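User: I'd like to go through this model and ask what stands behind each label. Can we take it piece by piece?

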Amino acid sequence: MEILSRLVKTAIIGAALATLVACGGDAGTGSSTPGDKPGDARTADDAADSLTEPEGEECERLTTDEVADAIGAHDGGQHDYQLGGCVWTATSGGQALHATVLPTDEYEAVAEIGEPVSGSADGAVYDDTHGELWFPCGDGEFCGIKADIGDSDRRKEVALRMGTVLQGRM
């Protein structure tokens with residue numbers, strides 16, 4: 001019985017630590033975030049604040065039907081803690097679609113810059129490895145679409161199509 005009690009206490013402590021880390025419990029450490037350039041004065045707090053604060057309308061940039069056409073049935077969209085903006089996750093098949101709008105400095109810190117591509121938003125670049133499409137979308141901001149889709153041809157087609165849609169709304 002004592003072993004069971006210790007296991008339960010360990011599980012509770014482990015769950016509390018996992019929650020603390022997932023919620024940014026290391027905030028305030030001043031450590032740099034991945035993508036920071038040497039000498040960059042940004043801290044983990046700055047990067048987390050700028051990329052994790054919901055804008056309210058972030059999941060309204062694409063419609064439910066547009067996302068469903070791209071990845072099928074999905075969760076309706078959640079705040080994207082990876083890129084900022086919104087991420088829609090398919091309810092089956094492991095696919096996802098991300099849409100975000102970032103100021104230039106954040107864009108430069110997180111974007112996988114690709115090659116110029118036609119057939120989508122003006123000035124777009126596409127990185128096939130990560131399925132990321134980025135383009136300038138006004139007032140010093142960059143719009144991004146990331147298609148987490150296994151088939152590379154379909155991934156690119158979805159990213160290009162959603163980029164055109166997103167640019168039309170900006």
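User: Which strands does helix α3 lie across, and at what angle does α3 run to β3?

Analyst: Keep in mind that this is a predicted model. Helix α3, residues 64-71, lies across β2 (86-89) and β3 (96-103), and runs at about 125 degrees to β3. Helix α5 (residues 152-169) lies across β3, β5, β6 (132-136) and β7 (141-148), at about 150 degrees to β7.

User: What is the overall make-up, and in which pattern do helices and strands follow along the sequence?

Analyst: There are five helices and seven strands. Reading along the sequence gives α-α-α-β-β-β-α-β-β-β-β-α.

User: What makes β1 and β4 the edge strands?

Analyst: Look at the strand order: the sheet is open, with seven antiparallel-paired strands running β1-β2-β3-β7-β6-β5-β4. β1 (78-79) and β4 (115-116) each pair on one side only, and that's what puts them at the edges.

User: How do you know that β4 and β5 count as paired?

Analyst: Pairing takes at least two bridges. Two bridges join β4 to β5 (residues 125-127), so the pair meets that definition. The two strands run antiparallel, and Pro116 stands opposite Val125 in β5.

User: How many bridges hold for β5 with β6, and how many for β6 with β7?

Analyst: β5 and β6 have three bridges, while β6 and β7 have five; both pairs are antiparallel.

User: Why is Gln95 called buried?

Analyst: Buried means under 20% relative accessible area. Gln95 comes in at 16%, so Gln95 counts as buried. Gln95 is in the loop between β2 and β3. Beyond its neighbours within four places in sequence, its contacts are Ile71, Trp88, Thr89, Ala90, Asp148, Ile149 and Arg154.

User: What makes the pair of Gln95 and Arg154 a polar contact?

Analyst: The cut-off for such a pair of N or O atoms is 3.5 Å. The side chains of Gln95 and Arg154 are at 2.8 Å, so the distance is within that limit.

User: Which residues touch the most other members of the largest nonpolar core?

Analyst: That core has 26 residues, and the ones touching the most other members are Leu62, Ile71, Trp88, Leu97, Leu133, Phe135 and Ile145. At least two residues each come from α3, β2, β3, β6, β7 and α5, with α5 giving the most, five residues. A second, separate core has six residues, including Leu102, Ala111, Trp134 and Phe142.

User: What does Ile145 contact?

Analyst: Leaving aside neighbours within four places in sequence, the contacts of Ile145 include Leu62, Leu97, Leu133, Ala159, Met162 and Leu166.

User: What makes β6 mostly covered, and how much of the protein counts as buried?

Analyst: Four of the five residues in β6 are buried. Across the 170 residues of the protein, 38% count as buried. The accessible surface is about 9,600 Å², with 54% of that belonging to carbon and sulfur atoms.

Key
Residues numbered from 1 in each chain as written. Predicted model: local features only at pLDDT ≥ 70, side-chain atom pairs only at ≥ 80, totals over all residues. Heavy atoms only, no water. Contact = heavy atoms within 4.5 Å. Axes fitted to C-alpha atoms, helices over the stretch in contact; angles between N-to-C directions. Buried < 20%, exposed > 50% of the residue type's maximum accessible area, 1.4 Å probe, protein only. Polar contact = N/O pair within 3.5 Å; in protein donor to acceptor, adjacent residues only side chain to side chain. Areas by Shrake-Rupley, 256 points an atom, 1.4 Å probe, with all protein chains shown as cover. Core = buried A, V, L, I, M, F, W, Y, C linked by side-chain atoms within 4.5 Å.
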